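Please study the sequence and the structure before reading each solution.

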Amino acid sequence: MSNVIPFKNREIEDHIDRRANNAAEGEVILLGAGPGDPDLLTVRGLRALQEADVVVYDRLVAPELLACTAGDCEKIYVGKRKDRHSLPQEKICELLVSLASSGKRVVRLKGGDPFVFGRGGEELDVLENRGISWQVIPGVTAAMGCAAATGIPLTHRACAHALTFITAHRQQGELAFNWDLALQKDQTVVFYMGLSVVGDIAAGLIERGKAADTPVAVIANGCRADQQVVVATLETVAERVRQSALPSPALIILGEVVTHRRALLDVAVGVSS
Ligand SMILES: C[S@@+](CC[C@H](N)C(=O)[O-])C[C@H]1O[C@@H](n2cnc3c(N)ncnc32)[C@H](O)[C@@H]1O
């Protein structure tokens with residue numbers, strides 16, 4: 001008897017039918033650009049860029065990727081500008097809906113992976129509600145890219161059996177993440193968007209019982225030619241980041257895995273410890 005489970009998911013079938021019917025009506029592809037090095041784009045992602053009529057892109061996207069598009073492809077920047085905020089999320093969603101409704105094949109190009117702190121879910125909700133065909137093509141998220149580029153394994157059988165991604169931005173002035181999650185033993189914690197609050201994170205963890213000598217790495221501009229890395233402990237990290245004047249974007253990796261970093265890469269990646 002066959003073990004194959006018959007394909008019966010009505011929702012997926014409807015979606016595929018709709019995509020077939022709407023083929024001439026345009027679609028939106030949420031595409032992960034990876035963390036900075038254009039070579040980290042997937043092969044499927046490259047194909048999507050080459051076939052795009054319009055690319056709607058963010059600030060953290062490598063400029064080289066825009067050069068992979070066809071000559072007549074329109075490129076629309078919706079990220080932060082020097083003196084202004086980025087386009088509000090609702091406006092970006094409206095733009096995607098309107099472009100796809102006019103029959104365009106739209107690539108929504110985002111840094112890292114669209115579904116990791118990338119608002120991909122919010123955009124998908126709107127597309128689905130408005131009956132727009134969509135696809136998601138994953139990208140290398142910053143945690144994976146930065147870990148690879150600095151020789152820090154994210155898990156390790158000796159010390160890290162779990163991996164937690166946390167967004168460290170503030171809500172109403174307070175760090176809003178679940179501290180208990182960050183305090184679990186035998187794991188690696190990766191903080192996104194935490195550079196400006198690295199001192200508060202470190203102090204908060206020590207206050208709640210985390211060892212002050214827990215290793216921490218902060219990687220700025222990971223996977224780019226100007227990558228910088230600070231290796232420190234919870235106790236010293238804030239001062240070390242301040243001294244190094246690390247720029248944004250930066251990622252914080254916390255846990256014993258940092259001690260397994262392959263030092264061979266240090267010259268290439270500009271580690272200071
Ligand atoms: C809005 S989140 C987007 C995350 C993205 N969707 C991903 O999967 O990597 C932006 C944060 O990602 C991290 N980040 C993105 N690119 C990075 C890079 N090249 N180096 C270090 N951190 C990066 C930083 O913490 C930054 O504040």
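**Exercise 1.** State the order of the strands in the open sheet and how they pair.

*Solution.* The open sheet has 5 strands in the order 3-2-4-1-5, with parallel pairing (strands are DSSP runs of E, at least two residues, and helices runs of H or I, at least four, numbered from the N terminus; two strands pair if DSSP finds at least two bridges between them). Strand 3 (74-77) and strand 5 (133-137) stand at the edges with a single partner strand each, so one side of each lacks a neighbour in the sheet. From one strand to the next, the twist averages 20 degrees.

The model is predicted; local features need pLDDT of at least 70, side-chain atom pairs count only at pLDDT 80 or more, and totals for chains, interfaces and linings use all residues. Residues are numbered from 1 along each chain as its sequence is written.

**Exercise 2.** Describe the pairing of strand 1 and strand 5.

*Solution.* Strand 1 (residues 27-32) pairs with strand 5 in the parallel sense over 5 bridges. Ile29 stands opposite Gln135 in strand 5.

**Exercise 3.** Which residues of helix 8 and helix 9 meet?

*Solution.* Val198, Gly199 and Ala202 in helix 8 meet Val237, Ala238 and Val241 in helix 9 (contact requires C-beta atoms, placed from the backbone, within 7 Å). These contact residues comprise 5 nonpolar, 1 polar and no charged (Ala, Val, Leu, Ile, Met, Phe, Trp, Tyr, Cys and Pro count as nonpolar, Asp, Glu, Lys and Arg as charged, and the others, Gly among them, as polar).

Key. Contact = placed C-beta atoms within 7 Å. Axes fitted to C-alpha atoms, helices over the stretch in contact; angles between N-to-C directions.
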